[in-house]
Each structure stands twice: as structure tokens, then as C-alpha cells.
Amino acid sequence: MSEFSLNLTDEQLQIKDWIHEFAKDVMRPAAQEWDDREEFPWPIVQEAAKIGLYGIDFIMNAMSDKSGLTMPVAVEEIFWGDGGIGMAIMGSGLAAAGISGNGTPEQVIEWVPQCYGDANDVKLGAFCVSEPDAGSDVSSLRTRAVYDEAKDEWVINGTKAWITNGGIANVHVVVAAVDPALKGRGQASFVIPPGTKGLSQGQKYQKHGIKASHTSEVVLDEVRVPGRCLLGGKEKLDAKLARAREAGRTGEAQPAMKTFEATRPTVGAQALGIARGAYEIALDYAKERVAFGKPIIMNQSIAFKLANMATQIDAARLLIWRASWLARNGGFKNAEGSMSKYHASETAVRVTEDAIQILGGYGYTREYHVERMHRDAKIHTIFEGTSEIQQLVIARAISGLRVE
Ligand SMILES: Cc1cc2nc3c(=O)[nH]c(=O)nc-3n(C[C@H](O)[C@H](O)[C@H](O)COP(=O)(O)OP(=O)(O)OC[C@H]3O[C@@H](n4cnc5c(N)ncnc54)[C@H](O)[C@@H]3O)c2cc1C
């Protein structure tokens, strides 16, 4: 167990500076182009892979840090650079987390590297839970996985909605109902290996923000995968289903929920990076822009807005660092992961909107980045648990009651 400290180690400070350089020199200048093109920014992700920022080694290094702070520090800098390209760099991490959270050590070794490829041949991963009729309510998944005992294969059918890297990923991790009567406790996660027949990309969504990140439907039509693609293995699943049938509940978290719990502070760090980026632009602008004969920051209404932005950003970072540390050191006690994601996402939306206001007409155009940052910030109150779902999780944790 490591002590909680706000002092980053020399290594963490080096990582922060190294990523900041990439964010400043490569991501920021390319951000508007990829937002306009609304395409996956392959050349930028390849550059990130070449310097070792996108890839299995970087993830393993961040994951092995006992303080838990390397990941949020890194992610804040990436998203300071740009939310859309940031998501393109981070999107595979969800699939990797789904495999690490539910798979055996052998499955982790086999599949996680395939979510990234290497610097010369970049690959992606996708984590497929949401469906057209099941987003927040992940216990109602309709995608079915049926075991074909004679062939030791799983047959999967269904449609997944809003999937980051859906259809363009090398490895898709799919959460499906094995026993729908057991709702969330009757679900399992499967790896769909590259090139598996029956998996295809459905519609590609046109989005409000994070446009450089690819989001699509994933259609699963009689997809057959070998038994070894069931994450955690058949024995563990059978035992879990038996317990759920006997007791009505196992007390174990659903597979998708386990992944989301572990990744929430990281998603908070994404929102934090966008918020800080917009705040810094607004602060510089407010010192430079003269109206009525003085810099606009000399007006309390502008200066106090900036004071609030700075305070909320720091509060978000403290919540994220606490949650990230707890995730590695003893686990969450009072929904601290949800608190951090909830506060950081709402802060990012407010801060980026205030930044537009401070920049006035310039803020509303594409010239100063803050308009794009506002659009990119908004997704954080929606994916990986909406703000309402975070409040529900927190309310249940603090009350001990099943608040609906
Ligand atoms: C760009 C993007 C990328 C995404 N990437 C992925 C991905 O990679 N993998 C994946 O599996 N999914 C992904 N998603 C899906 C995302 O996680 C869902 O959209 C999200 O969970 C919300 O589900 P929903 O859209 O069905 O909304 P709904 O669940 O229908 O919610 C609609 C509204 O009702 C509210 N609401 C619902 N239930 C309650 C309740 N009990 N109490 C109070 N309010 C409630 C919600 O907060 C929301 O405001 C992505 C979505 C987007 C837009």
C-alpha cells in the first residue's frame, strides 16, 4: 500500500512534461483539422505510438504505478491537447480494461497487446456494452451468447450502439447475456478476435463533439468464437450463474460495471484536461483583451468567473487523484470514483462554456479552440455513466438505500 501524496515523483513529472510537449506540438495544432474531417486521426495516433504514448508498454507502466496517479496525470495532459484526438488515443484502453478486469492472466497476455499493435502497425480495441435500448440500464442487454457444447464455441447475436472504435478495432470485447433471466448477473464478456465472421460495422455516428474519435454501431450476426474467448473461463462463469440462480444474487458486480468502476477516475481526468485547456486560454485572453480602456480581467465579473474556474478545476483534480489512489490502495468506500467523474465532467462543461463567454465573439468561432473544447467536454456527462447515474451511485453509497 502506498501513502497518498500530492507530490508527484520525478518519473511522474517527467511523463507529464513529455506528454505535454506532444499535446502542445502535435495534438493541439492538428485538433481543428481532425474535428472538421470527423475521421479517425491515424497519422497522429501513429506518431503517439512511435514515441511510446500509444501502446501496451505505456499502459502497463501506468497500470503498475502503485500510487495510481500516473494514469490521471498522463490523461489530463493528453486531453489538454485535444479531446477528440485524446479519445482516439485512449479509446482502446476501455477494451484493455475490460480484458484485464474480467480475463485470466493468460487471456490478458494474449489479447491486451492486440488492442494496440505496435508502432509500425497500430491496432485498436473496442469495448461493446451499450445497445440501442440499453445504455444506462446495462442489466437489460439483448445481445445473446449461447454455448454450443459440441463445438466448444459461443454463438453471439445482437447490435451494439455508440461503440468507440466499433468496427475499425482489431479486438472487440463484447458483453452479452448468457442467462437473460438473471439480468446483469447473467452476463459475460467475450473477446471477438480479429477477422471473425459475422461482426460488422453498422452506422457511423455524426457527433456533437470528440469528432476525431470513431463511434459506430457494431452488428453481431451469428458470430462464433472459441470457448477460450469467454473472459474468465467457463468454470468461473458456471459457478457464478449457479450462485446467482440459487441465491437470487451473487453480490458480484456485473462484468461491465467492474470495467466502468475502474475507469471512472480516468474519464474524469479526460474532462479535467479539457477544462484546464479552456481555462488557460480564457485566462490569457482576459489579461490581453482591452475593453472600456482596461483588460477585461480587471472587471470582477470576469475575474471571479476565472477564480471559480480555477477552484473547480483544482477540486476536480483532487477528487480524481483521491479516487485513482483508492482504486489501487484498498478500493472505493463511498463511490469516490463516481464523485470524481461526476464533478470533473460537470466542471468541464461549465468551464468551457465560461471560456466561450470570456472570449466573447472570438470564443464562439473556431479560432481559439474553446468552442470545440465545449463540444468535446459535453460527452463526459454522458458516456461511462451519465451524471444522473453517477448521482444515483453516490446517493446509494452515502444512504445505504436503494434510491431509484
Ligand atoms: C461518443 C460516445 C461514445 C461511446 N462509447 C461507448 C463505448 O465505447 N462502449 C459502450 O458500451 N458504450 C459507449 N457509449 C454509450 C454510452 O455509454 C451511453 O450512451 C450512456 O451510458 C447513456 O446511455 P443511453 O444513451 O442509452 O441513455 P439512457 O440510459 O437512455 O438515458 C437517457 C437520460 O435518462 C437519464 N436516466 C436514465 N436512467 C435514469 C435513472 N435511473 N435515474 C435518473 N436518470 C436516468 C440519463 O441520465 C440520461 O440523461 C458511447 C456513447 C457516446 C455518445
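Buried residues account for 49% of the 404 residues in the protein chain. The structure is a predicted model. Its protein chain contains 13 helices and 11 strands. Along the principal axes, the C-alpha atoms of the protein chain occupy a box of roughly 80 × 50 × 40 Å. The radius of gyration of the protein chain is 22 Å, which agrees with the value near 22 Å for a compact globule of 404 residues. Among contacts in the protein chain with a separation of 6 or more, 74% link residues 24 or more positions apart.

Helix packing was examined for H1 and H2. Two packed helices are described by the angle between their axes and by the distance between the axes. Helix H1 (residues 10-37) packs against helix H2 (residues 42-50) at an angle of about 170°, and their axes are 11 Å apart. H1 is therefore roughly antiparallel to H2, the cut-off for this class being an angle over 145 degrees. The contact is formed by Phe22, Val26, Met27 and Ala30 of H1 together with Ile44, Glu47 and Ala48 of H2. By class, this contact of H1 with H2 has 6 nonpolar residues, no polar residues and 1 charged residue.

In helix H6 (residues 92-102), 10 of the 11 residues are buried, so H6 is largely enclosed by the rest of the structure. The buried residues of H6 are Ser92, Gly93, Leu94, Ala95, Ala96, Ala97, Gly98, Ile99, Gly101 and Asn102. In helix H12 (residues 370-378), 8 of the 9 residues are buried, so H12 too is largely enclosed by the rest of the structure. The buried residues of H12 include Glu371, Arg372, Asp376 and Lys378, along with Val370, Met373, His374 and Ala377.

Two of these residues, Val370 and Glu371, are also contacts of Gly363. Gly363 belongs to helix H11 (residues 336-364). Gly363 counts as buried because 23 C-beta neighbours lie inside 10 Å, against a cut-off of 20 or more. With neighbours within four places in sequence left aside, the contacts of Gly363 are Ala355, Ile356, Gln357, Ile358, Tyr368, Val370 and Glu371. The C-alpha atoms of Gly363 and Glu353 are separated by 9.2 Å, with the two residues 10 residues apart along the chain.

Positive phi values were found at residues other than glycine. Ala335 has a phi near 60° and lies in the loop between helix H10 (300-328) and H11. Ala335 counts as buried, with 22 C-beta neighbours inside 10 Å. For Ile210, phi is near 30°, again a positive value in a residue other than glycine. Ile210 is placed in the loop between strand S8 (199-204) and strand S9 (215-226). With 29 other C-beta atoms within 10 Å, Ile210 is buried.

Leu69 is a further loop residue, located between helix H3 (56-63) and helix H4 (70-81). Leu69 has 25 other C-beta atoms within 10 Å and is buried. Residues up to four places away in sequence not being counted, Leu69 touches Leu8, Gln12, Trp321, Ser324 and Trp325. From C-alpha to C-alpha, Leu69 and Asp376 are 24 Å apart in space, and they are 307 residues apart in sequence.

Asn157 is partly exposed, with 16 other C-beta atoms within 10 Å. Not counting residues up to four places away in sequence, Asn157 touches Thr143, Arg144, Leu220, Asp221 and Glu222. The C-alpha atoms of Asn157 and Met309 are separated by 46 Å, and these residues are 152 residues apart along the chain.

Conventions:
Residues numbered from 1 in each chain as written. Predicted model: local features only at pLDDT ≥ 70, side-chain atom pairs only at ≥ 80, totals over all residues. Helix = DSSP H or I, 4+ residues; strand = E, 2+ residues; numbered from the N terminus. Rg over C-alpha atoms; globule rule 2.2 N^0.38 Å. Buried ≥ 20, exposed ≤ 12 C-beta atoms within 10 Å, placed from the backbone. Contact = placed C-beta atoms within 7 Å. Axes fitted to C-alpha atoms, helices over the stretch in contact; angles between N-to-C directions. Parallel < 35°, antiparallel > 145°, perpendicular 65-115°, else oblique. Nonpolar A, V, L, I, M, F, W, Y, C, P; charged D, E, K, R; others polar.
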